[in-house]
Amino acid sequence: MFHSRLQKIKQKGAFRELPIIEHQGKYIIRDGKTMLNVSSNDYLGLAGSDSLREEFKEYVHPEKETFSASSARLLTGNYSIYNELEAYLAGFYEREEALLFNSGYHANVGILPALTSPSSLILADKLVHASIIDGISLSRAKTIRYRHNDCEQLERLLRENASKHDLVFVVTESIFSMDGDVCDLQQLVSMKKKFPNVVLYVDEAHAVGVRGNAGRGVCEEQQVLREIDILVGTFGKALASVGAFAVTSRELKEMMINSVRSFIFTTALPPVNVCWSKFIMEKIPFMTEKRRQLRLLQQYVSEQLPGKKIHSHIFPFLIGDSEKSIVISEQLKKMGYYALPVRPPTVPEGTARIRISLTAGLTREEIKPFLEALQTVEN
Ligand SMILES: *Cc1c(COP(=O)(O)O)cnc(C)c1O
């Protein structure tokens, strides 16, 4: 019944299959071959840490922090660990409130439809994550996607449209997931201050734990923490856990609890996982050495690839054609590197790429030959 549609996906070089892989620290084993994982989101290298796991055994109370919440939080599923983590996050970010979500996807797909009305306007960066795009399509607000990181266009759109709407949501990522470039949040904040009805919504999925002195993200680094109305962070990447949070005002948290459907109509995360998130989150301010290692590795890559502008620990190796990106990824695998292609529709048509992400667990000695391998496939 779906044969021809699947055929079309295959013809475009966009067919996807679940890989059968095993993990061994920073290596991936596939078809008997061991490869260095250079596509991991475990940016601080915490996911495989035996010592953290051991320490967690002392921290967790399995009789209290169970393996299922068995209910949504508004019903019988509100375990105290959620409130404790939210209080910790609000304090850490020096903001009024934080609210947990089951994932970054749940947060982004639910927040915009809940907080906007048909008279609102959403202005979203052209390259925001699929979860935000899905949130936009569930909302009834008018939406304009502005050119990637183009603050001038954004300001013009605000000047022309802001007064015609009750609320204007400006939505961006801080570090963009597929390009690794960084948003100038200071500029967005100064723009926001010129309009009374702007709500600034920043997704820090790739920056939490990694950027800022205390690991709070790019908002901390650019000193705008207090100016962000909704800051979304996720636990699934650098924090080696699962779930997400929004740091926000009391009023917005109350609105979210009362209207975000992906918060209301879902079983809360297992308390044991939330306990692990809290355990990791409490250590994040002290992981400055890991952040420094990651920054130094990024600097090293920058020096080794002088032609490329590298803005963060994520950088794309642009290829263009989808089929070709698969071929190049396969070549890299043969050379011992698990570097995955990212193709449309995840990225715009004609911009298939290998997405490379550095982690604090990788060394220069490991990355140097990888960069050389990249240059050989490039030619
Ligand atoms: C990964 C990601 C998400 C989704 O977070 P999950 O917790 O994995 O659902 C949201 N936004 C961005 C920018 C992401 O990269």
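Biologist: What does the backbone of Tyr105 do at the ligand?
Modeller: In this predicted model, a backbone N or O atom of Tyr105 lies 2.9 Å from an oxygen atom of the ligand.

Biologist: And which ligand atoms do the side chains of Asp203 and His206 face?
Modeller: For Asp203, a side-chain N or O atom is 2.6 Å from a nitrogen atom of the ligand. For His206, a side-chain N or O atom is 2.5 Å from an oxygen atom of the ligand.

Biologist: How much of the ligand does the protein bury?
Modeller: The protein buries 83% of the 380 Å² that the ligand exposes when taken alone.

Biologist: Which helix gives the largest share of the shell?
Modeller: That's helix H4, residues 104–115, with 3 residues. By class, the shell has 8 polar, 3 charged and 2 nonpolar residues.

Biologist: Switching to rings, how many aromatic pairs are there?
Modeller: A search of the whole structure turns up 12. One of them is Phe92 with Tyr93, edge-to-face, at 5.4 Å centre to centre and 75° between the planes.

Biologist: Are those two buried or exposed?
Modeller: Phe92 counts as buried because its relative accessibility is 10%, under the 20% cut-off. Tyr93 is buried too, at 1%.

Biologist: What about Phe101 and Phe263?
Modeller: They also form an edge-to-face pair, 6.0 Å centre to centre. The pair links distant parts of the chain, with Phe101 in strand E4 and Phe263 in helix H10, 162 residues apart.

Biologist: Back to Phe92, which charged end sits over its ring?
Modeller: The one of Arg216, 5.6 Å from the ring's centre. Phe92 also belongs to a cluster linked by ring pairs, along with Tyr88, Tyr93, Phe235 and Phe245.

Conventions
Residues numbered from 1 in each chain as written. Predicted model: local features only at pLDDT ≥ 70, side-chain atom pairs only at ≥ 80, totals over all residues. Heavy atoms only, no water. Polar contact = N/O pair within 3.5 Å; in protein donor to acceptor, adjacent residues only side chain to side chain. Areas by Shrake-Rupley, 256 points an atom, 1.4 Å probe, with all protein chains shown as cover. Helix = DSSP H or I, 4+ residues; strand = E, 2+ residues; numbered from the N terminus. Nonpolar A, V, L, I, M, F, W, Y, C, P; charged D, E, K, R; others polar. Phe/Tyr/Trp six-rings, centres within 6.5 Å; stacked < 30°, edge-to-face > 60°. Buried < 20%, exposed > 50% of the residue type's maximum accessible area, 1.4 Å probe, protein only. Lys NZ or Arg CZ within 6 Å of the ring centre and 35° of its normal.
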